[in-house]
Amino acid sequence: AKTVGALLKQLSEKLDVVRNQAGTILQNILTSDEPYVPFIYGRQYLSDALSLGKRQEINWANPETTFPLIIRAMNLDEFFDDILSGIVISVGGLTESVAKHSTKSFLEYLRELKKKKALGKISKVGHGFIRLFDTHSKDVRVILPLLVT
């Protein structure tokens, strides 16, 4: 779970080249039959959330493609914090395209939670922000984007 969580975090971060590599590796791990990688928590849910069965080639470097997919994977509790920490870096980032698409996807996710009256999940996002503040209190690379978010 730690390896998949780390890949999901990288997939939700701001650098195109990092997202592309993380997405490609994650796609290979989740879909490969030769060799098959066993014991991946939420394999089918992740595959569905990331639309791995519907597309042959996914341009993971493209923020317009990647962020709506990665946001759907936030519903897996096991990887929520990993994805949230990556999204925070992207939303608060300086790259216009990444910030625009990550913000749009994240706000749509929050609006959907509000619409469903999923107060527990909304609270979970707030608690996730607080954990990030606590964990990275001296890391400007995380704190500044978190304040922007």
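A residue is called buried if its relative accessible area is under 20%, exposed if over 50%, and partly exposed in between (1.4 Å probe, protein chains only). By this rule Ile 71, at 5% relative accessibility, counts as buried. The structure is a predicted model, in which local features need pLDDT of at least 70 and side-chain atom pairs count only at pLDDT 80 or more, while totals for chains, interfaces and linings use all residues. Residues are numbered from 1 along each chain as its sequence is written, and side-chain values use heavy atoms, with hydrogens and water left out.

The chain contains eight helices and zero strands, where helices (H or I, at least four residues) and strands (E, at least two) are DSSP runs numbered from the N terminus. Read along the sequence, the pattern is α-α-α-α-α-α-α-α. The C-alpha trace spans about 45 × 30 × 25 Å along its principal axes. The radius of gyration is taken over C-alpha atoms, and the globule rule is 2.2 Å times the number of residues to the power 0.38. For 149 residues a compact globule would have a radius of gyration near 15 Å, and the value for the chain, 15 Å, agrees with this. Of the 149 residues, 42% count as buried. The chain exposes about 8600 Å², of which carbon and sulfur atoms supply 56%; accessible areas come from the Shrake-Rupley method with a 1.4 Å probe, and for residues only the protein chains shown count as cover. Contact means heavy atoms within 4.5 Å. Among contacts in the chain with a separation of 6 or more, 56% are accounted for by residues 24 or more positions apart.

Helix H4 comprises residues 63–72, and its buried residues are Pro 63, Thr 66, Phe 67, Leu 69, Ile 70 and Ile 71. The cover over these buried residues includes H1, H2, helix H3 (43–49), helix H5 (80–91) and H6. The N-terminal end of H4 is capped by Asn 62, a side-chain oxygen of which lies 2.9 Å from the backbone nitrogen of Glu 64. A polar contact is a pair of N or O atoms within 3.5 Å; within protein, one must be able to donate a hydrogen and the other to accept it, and residues adjacent in sequence count only if both atoms are side-chain atoms.

Ile 71 of helix H4 is in contact with Ile 87, Ser 105, Phe 106 and Tyr 109, leaving aside its neighbours within four places in sequence. Ile 71 and Ser 105 are 34 residues apart in sequence, and their C-alpha atoms are 6.7 Å apart in space. Ser 105 is placed in helix H6 and counts as buried at 7% relative accessibility. Residues up to four places away in sequence not being counted, Ser 105 touches Phe 67, Pro 68 and Ile 71.

A search of the whole structure finds three aromatic pairs. Rings of Phe, Tyr and Trp (its six-membered ring) pair if their centres lie within 6.5 Å; planes under 30 degrees apart count as stacked, over 60 as edge-to-face and the rest as tilted. The rings of Phe 106 and Tyr 109 have centres 6.4 Å apart and planes at 25 degrees, so this pair is stacked. Both residues lie in helix H6 (residues 96–115), three residues apart, which is about one turn of the helix. Phe 106 and Tyr 109 are both buried. Phe 106 also forms a tilted pair with Phe 129, at 6.3 Å centre to centre and 55 degrees between the planes. Since Phe 106 lies in helix H6 and Phe 129 in helix H7 (residues 119–135), the pair ties together parts that are 23 residues apart in sequence. Phe 106, Tyr 109 and Phe 129 form one aromatic cluster. Elsewhere, Lys 124 lies over the face of Phe 80, at 4.6 Å from the ring centre; a charge sits over a ring if NZ of Lys or CZ of Arg is within 6 Å of the ring centre and within 35 degrees of the ring normal.

Two serines were also examined. Ser 12 lies in the loop between helix H1 (2–11) and helix H2 (16–31) and is buried, with a relative accessible area of 0%. A polar atom of the Ser 12 side chain lies 3.3 Å from the backbone oxygen of Ile 83. Ser 90, in helix H5, counts as buried at 0% relative accessibility. Leaving aside neighbours within four places in sequence, the contacts of Ser 90 include Ser 12, Phe 67 and Val 98.
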